[in-house]
Each structure stands twice: as C-alpha cells, then as structure tokens.
Amino acid sequence: MKLGDYYQSGRMGLSFELFPPKTPAGEAALMKHCGALMEFHPDVVTCTYGAGGSTREKTLEIVRQVKQKFGVPVASHLTCVGSTKQQLRDYLDAANRQQVDYIVALRGDPPRGEKKFRPVSDGLSHANELVSLIRSEYSHFGIAVGGYPEMHQEAPDPHIDLENLKRKVDAGADIVITQLFYNNEAFFVFRDRCDKIGLEVPLIPGILPVTNYSQVHRLASLCGANLPRRFVQALADCEDDAEQQFQIGVDYAIAQVNDLIQQQVAGMHFYVLNKSQAASAVLAALGRSEKTT
Ligand SMILES: Cc1cc2nc3c(=O)[nH]c(=O)nc-3n(C[C@H](O)[C@H](O)[C@H](O)COP(=O)(O)OP(=O)(O)OC[C@H]3O[C@@H](n4cnc5c(N)ncnc54)[C@H](O)[C@@H]3O)c2cc1C
C-alpha cells in the first residue's frame, strides 16, 4: 500500500516509532511491548536512526524483526549525518534487501557539541536533497519527512521553515510527521499555513505522552516543545508518585488526541519510547482496537 493511502478518507492512519535498544535484554523487552501495541493495528512501525548513523545496522535489524514477527509494514528513519551520498545509497540498498517499506527521510541534528550541521564531503545538506535522491533512485519507497508546528529550532522564522518543508514535499515526500507538541493550537495554525501554501500531503501529528516529570526538561531542550505550565505543575506536584504521574500524562494525551481527532487529523504517530503502556492506555480510551479499514 502507498504510504499516503493510510491517511485518506477519514481512515485515521496509525504509526508507532521505536528506537534501537542498546542491549539484547532491551531488544527482547521491545519486542514484547511491540507485540502489545499490535492490538491497535498500526499501519506502520518506524525505527529511528541514531545520531551519525550510530545505529545503522541495529535500525535495520529492528524493522526486519518487527516485520517478520508481526507482519506490519515498517519504515526506517535515515539521516544525512556523517554519510556520503554513496553511503546513503548503500543503506537504501540494504533497506531494500530487508524489505523495508518506507523511509523517514531526515537531515539529522549536528553532532553533540556542534551548533551547525555540516555535511561531509559529497554528503547532503538538507532533507529535501535526501528525498530527491530516494525519489529518483529508489522510487518504490514511500517517504515521510519531519515537520515542525512550533518551528524547527534552527529556522530564522516560521515562514522560511514552512518554505523548507514545502521543498521536501515538492521533492516527493508522501506524508509529513510532526515533531512532538502539546499545544494543539500550534498544530492547527501550522496546518492552516500548510494549506495556504498548497502543501497537500497528509500532516500527521507526533504524540508523546509525558508520563513523568523528569521527561519535561529533556523534551523541552531536545526539540523545543512547549509544555503547558499547568500540566508541568501537575506532574511536579506528584513527583514521588509514579502511578499518578503516569495517569496525569495519559489523561493529557487522551484529551489532546481527542481534540485532534475532532479536528479531523489524518492520522497519528506515537513516539512510544519502546514502551507500550502509555500509547495503549491512550488508544484504548479512544476505542482504537477494532481494525479500521
Ligand atoms: C518525525 C521525526 C523523526 C525523526 N527521526 C530522527 C531520527 O531517526 N534520527 C535523528 O537523528 N533525528 C531524527 N529526527 C530529528 C531531526 O533529525 C532533527 O529535527 C533535525 O534537526 C532536522 O531534520 P529535518 O529532516 O527536519 O531537516 P531539514 O528539513 O533539512 O531542516 C533542517 C533545518 O534547515 C532548514 N532547511 C531545510 N531545507 C533547507 C534548504 N533546502 N535550504 C536552506 N535551509 C533549509 C529548515 O528550515 C530547518 O531549520 C526526527 C524528527 C522528526 C520530526
């Protein structure tokens, strides 16, 4: 199935994002959680590509296992960091051999300690170039790209950031998956602005239920997501009670996703952090266990 088709005619496409675990025990646990998430019939499961290609083999191994065990279409993330065009082609060839269905095409972040992204010699500078390379040489792969409702941290202004998003879509991306956000209004404004510039592919909100206070600062510094003050305070108020924090985070995510559904989003992408409990609690509350066709 074409990637964009999961998100057509009110289907509410669903994807889960995993990351490659560092240990065999982490891998076994991931497969258990992934099995639990299958109850919600995801359309696609994706796996991130570690900074600088540090997880290259592991990313492919995880998507291979997920596809083999659960029979679900899979997407590998791929970034331009530290790779020449030939190394990117080598990865795409390997992804092809592993029967990966889709690619989440990204530029990647600058290596730790560096402020500016610098491509390697004969590498790529921006995600739109990676999309072009995939479209022209690996046209069978469906392509997702990243979008930023609260603007990418390096962009000088939202308008320029949006034009850059359009470059990725014009280069051949099928869908946009957004950076996580907690303020739906920012997403709706972003969606309106995408409409205005004629960006016609599905925009899929990225959802990460925050289930403990310690995640709050990490998320804000990692991707600049704004968390509502009252929500952060509610988590802080029960910092010693893991169960209550979990419930507060899940309740927030249920309300957030409910509102997004009412505003007719095309689908949802859950950053599950290799665990099933939070996404399952949200999806169960929303009644998503019957397969949508
Ligand atoms: C859904 C999703 C999944 C992700 N998965 C991973 C992952 O697996 N591994 C990982 O390391 N990181 C991942 N990231 C993080 C991502 O790599 C960073 O956000 C990175 O800083 C930007 O990547 P990008 O693909 O959006 O870059 P780009 O689209 O290239 O944009 C980067 C910056 O450059 C500007 N820009 C874009 N194109 C041009 C152009 N042609 N000319 C001038 N300026 C331009 C943009 O406005 C933006 O400020 C993910 C992000 C998202 C939203």
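Two strands pair if DSSP finds at least two bridges between them. Strands (E, at least two residues) and helices (H or I, at least four) are DSSP runs, numbered from the N terminus.

I am working with a predicted model, where local features need pLDDT of at least 70, side-chain atom pairs count only at pLDDT 80 or more, and totals for chains, interfaces and linings use all residues. Residues are numbered from 1 along each chain as its sequence is written.

**Barrel.** I traced eight strands closing into a barrel, in the order β1-β2-β3-β4-β5-β6-β7-β8, with parallel pairing. I then looked up how β1 (residues 13-18) meets β8 (residues 267-271): five bridges join them. One partner of note to me was glycine 267 in β8, bridged to glycine 13.

**Ligand.** I found 24 residues around the ligand, with Thr48, His77, Arg107, Ala127 and Gly146 the closest. A residue is near if its C-beta atom, placed from the backbone, lies within 6 Å of the molecule. Helix α5 gives the most to this shell, four residues. β3 (74-79), β4 (102-106), α4, α5 (158-170) and β6 (175-180) each supply at least two.

**Helix pair.** I checked α3 (residues 85-97) against α4 (residues 127-137): they pack at about 55°, axes 11 Å apart. Axes are lines fitted to C-alpha atoms over the stretch in contact, and angles run from 0 to 180 degrees between N-to-C directions. Lys85, Leu88, Arg89 and Leu92 of α3 make the contact with Leu130, Leu133, Ile134 and Glu137 of α4. Contact needs C-beta atoms, placed from the backbone, within 7 Å.

Methods:
Contact = placed C-beta atoms within 7 Å.
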